[in-house]
Amino acid sequence: MKRYLITGASRGIGRAIAEKLAKPDVTLLLQGRDTVALAETCKSVTSHCARVISLIHDLAVPKGVSDLIAEVGGNPLDLLVNNAGIAIVKPFGEITMVEWEQTLGVNITAPFLLMQHFAPKMPPGASIVNILSIAAKTGFANWGSYCMSKFALEGLSQSIREELRDHKIRVINIYPSATDTNIWSNVAGNWPRDKMITATQVADAVAFALAQPPDVLVENITLGNLGGDL
Ligand SMILES: NC(=O)c1ccc[n+]([C@@H]2O[C@H](COP(=O)([O-])OP(=O)(O)OC[C@H]3O[C@@H](n4cnc5c(N)ncnc54)[C@H](OP(=O)(O)O)[C@@H]3O)[C@@H](O)[C@H]2O)c1
């Protein structure tokens with residue numbers, strides 16, 4: 001039986017990844033904060049996988065991450081998907097310390113702590129998938145704290161990838177452009193949803209990378225709309 005942990009699985013890209021990776025030989029460990037939304041994800045995957053476990057934790061604070069780690073337990077993971085993320089979009093002069101620290105907590109410290117804890121116990125052939133963003137490579141006005149966190153995750157995951165090569169663990173980075181999910185509901189402005197890619201398309205890219213033979217590493221996938229970025 002394989003064990004896959006997916007953070008931020010209650011909606012959006014995380015839910016789509018859970019739905020895509022649900023298979024009869026897989027136990028899905030799905031994290032979120034919103035109990036109702038996470039229950040919906042669990043309901044949609046439960047008949048397609050061996051078992052689904054709902055994990056309600058706030059990853060903005062290290063205690064939430066350590067509680068998640070404790071609940072996941074000691075059996076090794078075959079896949080860790082660092083997907084949970086937040087976007088606080090405003091001029092940099094208006095970003096509060098609380099917003100800065102929340103962004104660091106969810107988008108960079110939680111992936112760091114989860115990789116640090118789980119990677120040493122992963123078997124050869126296991127994978128870590130980090131959901132980054134085109135904002136891991138390019139700065140955008142008003143996206144300073146978000147870009148900061150994704151650039152940081154980029155450096156961290158590139159380094160960890162090199163450390164884990166000898167252990168035969170793949171670190172796969174995914175860089176979606178604007179994707180039609182709830183994350184945009186809190187971003188001021190009129191964002192054209194019809195020019196965004198879908199969460200399912202991001203999940204398809206994750207599944208493609210994971211489906212390669214164990215000695216083949218798809219290091220990076222950048223996904224965007226042919227029409228260009230927003
Ligand atoms: N949508 C895009 O345009 C886009 C593009 C590139 C990259 N991404 C990245 O894709 C990932 C998923 O984003 P999405 O678009 O699917 O956004 P979303 O629909 O807003 O989902 C975000 C997920 O992260 C979880 N999350 C947020 N804050 C959390 C916290 N403090 N503790 C635990 N979980 C938390 C949410 O859980 P609850 O809802 O249960 O709180 C939810 O499951 C993020 O890393 C994002 O940066 C998104």
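The talk below sets values against definitions.

Modeller: Two ground rules come before that. This is a predicted model, where local features need pLDDT of at least 70, side-chain atom pairs count only at pLDDT 80 or more, and totals for chains, interfaces and linings use all residues. Residues are numbered from 1 along each chain as its sequence is written.

Colleague: How many helices and strands are in the protein, and in what order do the elements run?

Modeller: The protein has 6 helices and 7 strands. From the N terminus they run β-α-β-α-β-α-β-α-β-α-β-α-β. Helices (H or I, at least four residues) and strands (E, at least two) are DSSP runs, numbered from the N terminus.

Colleague: How do you know that the radius of gyration agrees with a compact globule?

Modeller: The radius is taken over C-alpha atoms, and the globule rule is 2.2 Å times the number of residues to the power 0.38. For 230 residues that gives a value near 17 Å, and the protein has 17 Å, so the two agree. The C-alpha trace spans about 45 × 40 × 35 Å along its principal axes.

Colleague: What makes a residue of helix α3 buried?

Modeller: Count the other C-beta atoms, placed from the backbone, within 10 Å of its own: 20 or more is buried, 12 or fewer is exposed, and in between is partly exposed. In α3 (residues 62–72), V65, L68 and V72 are buried. They cover an arc of only 60° around the axis, which puts them on the same side of α3. That arc is taken from the directions from the helix axis to the C-beta atoms. An α-helix has 3.6 residues a turn, so residues three or four places apart point the same way.

Colleague: Which exposed residues does the face turned away carry?

Modeller: That face of α3 carries K63 and A70. The buried residues of α3 pack against β1 (2–6), β2 (26–32), β3 (51–56) and α4 (97–118). Contact here means C-beta atoms, placed from the backbone, within 7 Å.

Colleague: Why is N142 called partly exposed?

Modeller: N142 has 17 other C-beta atoms within 10 Å, so it is partly exposed. It sits in the loop between β5 (127–131) and α5 (144–164). Most residues other than glycine have a negative phi.

Colleague: And why is K168 called partly exposed?

Modeller: K168 has 14 other C-beta atoms within 10 Å, which means partly exposed. K168 lies in the loop between α5 and β6 (170–176). K168 also has a positive phi, about 65°, although it is not a glycine.

Colleague: How do you know that the span of α5 agrees with its 21 residues?

Modeller: The expected span is 1.5 Å times one less than the number of residues. For α5 this is 30 Å, and its end C-alpha atoms are 30 Å apart, so the span agrees. The buried residues of α5 pack against α4, β5 and β6.

Notes:
Two residues are in contact if their C-beta atoms, placed from the backbone, lie within 7 Å.
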